[in-house]
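Here's a quick briefing on the fold you're about to look at. Have a browse through the model, then read on.

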Amino acid sequence: MAVGLNNGATIVYDMQVMSEKYILECHGGAVSSIAFNQNILINGSDYGTIYIFKLFPTRSELVYKCSNVQDNKIPIAKVIMSDFGLAAALDIKGNMRVYDLIWFRKIAKVSSS
């Protein structure tokens with residue numbers, strides 16, 4: 001289970017042993033959306049940032065950080081992940097960013113305008 005906090009941190013709990021497994025780096029604003037599987041967690045914030053973490057059995061690592069300067073702090077409404085290495089983030093103005101979860105990079109941006 002993963003929980004995003006108002007201070008921008010994300011806590012991942014191991015429900016089998018009922019304890020915190022990871023405390024992930026903070027965004028500039030509250031976490032607004034989270035998607036994850038056993039190996040990768042992607043989250044977005046009210047500040048408009050996207051963080052992608054690689055989850056290892058004993059630690060986590062921030063592998064990608066995206067702050068869209070052009071759109072200047074447009075809150076992220078939803079992040080989703082596919083089973084075949086893609087993720088997408090949708091902001092509240094309808095702009096979408098698509099990420100490659102194998103090479104950990106942004107591969108497209110679709111603007112609503």
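In what order do the 3 strands of the open sheet stand, and is the pairing parallel or antiparallel? The order is β1-β2-β3 and the pairing is antiparallel. A strand here is a DSSP run of E with at least two residues, numbered from the N terminus, and two strands pair if DSSP finds at least two bridges between them.

Some ground rules: this is a predicted model, where local features need pLDDT of at least 70, side-chain atom pairs count only at pLDDT 80 or more, and totals for chains, interfaces and linings use all residues. Residues are numbered from 1 along each chain as its sequence is written, and side-chain values use heavy atoms, with hydrogens and water left out.

**The open sheet**

- β1 (2–4) and β3 (19–24) sit at the edges with a single partner strand each, so one side of each has no neighbour in the sheet.
- On average, neighbouring strands of this sheet are turned by 25° against each other, direction ignored; the axes behind such angles are lines fitted to C-alpha atoms, and angles run from 0 to 180 degrees between N-to-C directions.
- β1 and β2 run antiparallel and are joined by 3 bridges, with Ala2 partnered by Val12 in β2.
- The hairpin of β1 and β2 has 5 residues between the strands, and Gly8 takes a positive phi near 100° there.
- β2 (residues 10–14) pairs with β3 over 5 bridges, in the antiparallel sense.
- Across that pairing, Val12 has Tyr22 as its bridge partner in β3, and Ile11 stands opposite Ile23.
- The hairpin of β2 and β3 has 4 residues between the strands, and Met18 in the turn shows a positive phi of about 55°.

- How many of the 6 residues of β5 are buried? The count is 6 of 6, so the strand is mostly covered; buried means under 20% relative accessible area, exposed over 50% and partly exposed in between, with a 1.4 Å probe and protein chains only.
- As a rule, side chains in a regular strand alternate between the two faces of the sheet.
- In β5, Ile40, Ile42 and Gly44 point one way, Leu41, Asn43 and Ser45 point the other way, and all are buried.
- β4 and β5 run antiparallel over 5 bridges, and Ile34 stands opposite Asn43 in β5.
- The β4–β5 hairpin has 3 residues between its strands.
- On to β6: 5 bridges join β5 to β6, again antiparallel, and Gly44 has Ile50 as its bridge partner in β6.
- The β5–β6 hairpin has 3 residues between the strands, and Gly48 in the turn has a positive phi of about 90°.

**His27**

- His27 is found in the loop between β3 and β4 and is buried, with a relative accessible area of 6%.
- The His27 side chain makes a polar contact of 2.7 Å with the side chain of Asn43 (a pair of N or O atoms within 3.5 Å; within protein, one must be able to donate a hydrogen and the other to accept it, and residues adjacent in sequence count only if both atoms are side-chain atoms).
- Leaving aside neighbours within four places in sequence, the contacts of His27 (heavy atoms within 4.5 Å) include Asn7, Gly8, Thr49 and Tyr51.

**Nonpolar cores**

- The largest nonpolar core has 14 residues, and Ile42, Ile50, Ile52, Tyr64, Val79, Ala89 and Tyr99 touch the most other members; such a core is a set of buried Ala, Val, Leu, Ile, Met, Phe, Trp, Tyr and Cys residues joined through side-chain atoms within 4.5 Å.
- Two or more residues each come from β5 (40–45), β6 (49–55), β7, β8 (76–81) and β9 (86–91).
- Not counting residues up to four places away in sequence, Tyr64 touches residues including Ile50, Ile52, Tyr99 and Phe104.
- A second, separate core of 8 residues includes Ala2, Leu24, Leu41 and Leu55.

**Salt bridges**

- The structure holds 2 salt bridges, each a side-chain nitrogen of Lys or Arg within 4 Å of a carboxyl oxygen of Asp or Glu.
- One of them joins Lys65 and Glu25 at 3.7 Å, N to O.
- That pair links distant parts of the chain, 40 residues apart: Lys65 is in β7 (residues 60–67) and Glu25 is in the loop between β3 and β4 (31–36).
- Lys65 counts as exposed at 51% relative accessibility, whereas Glu25 is partly exposed at 37%.
- Glu61 forms a salt bridge with Arg59, with the closest N and O atoms 3.3 Å apart.
- Glu61 is partly exposed at 33%, and Arg59 is partly exposed at 43%.
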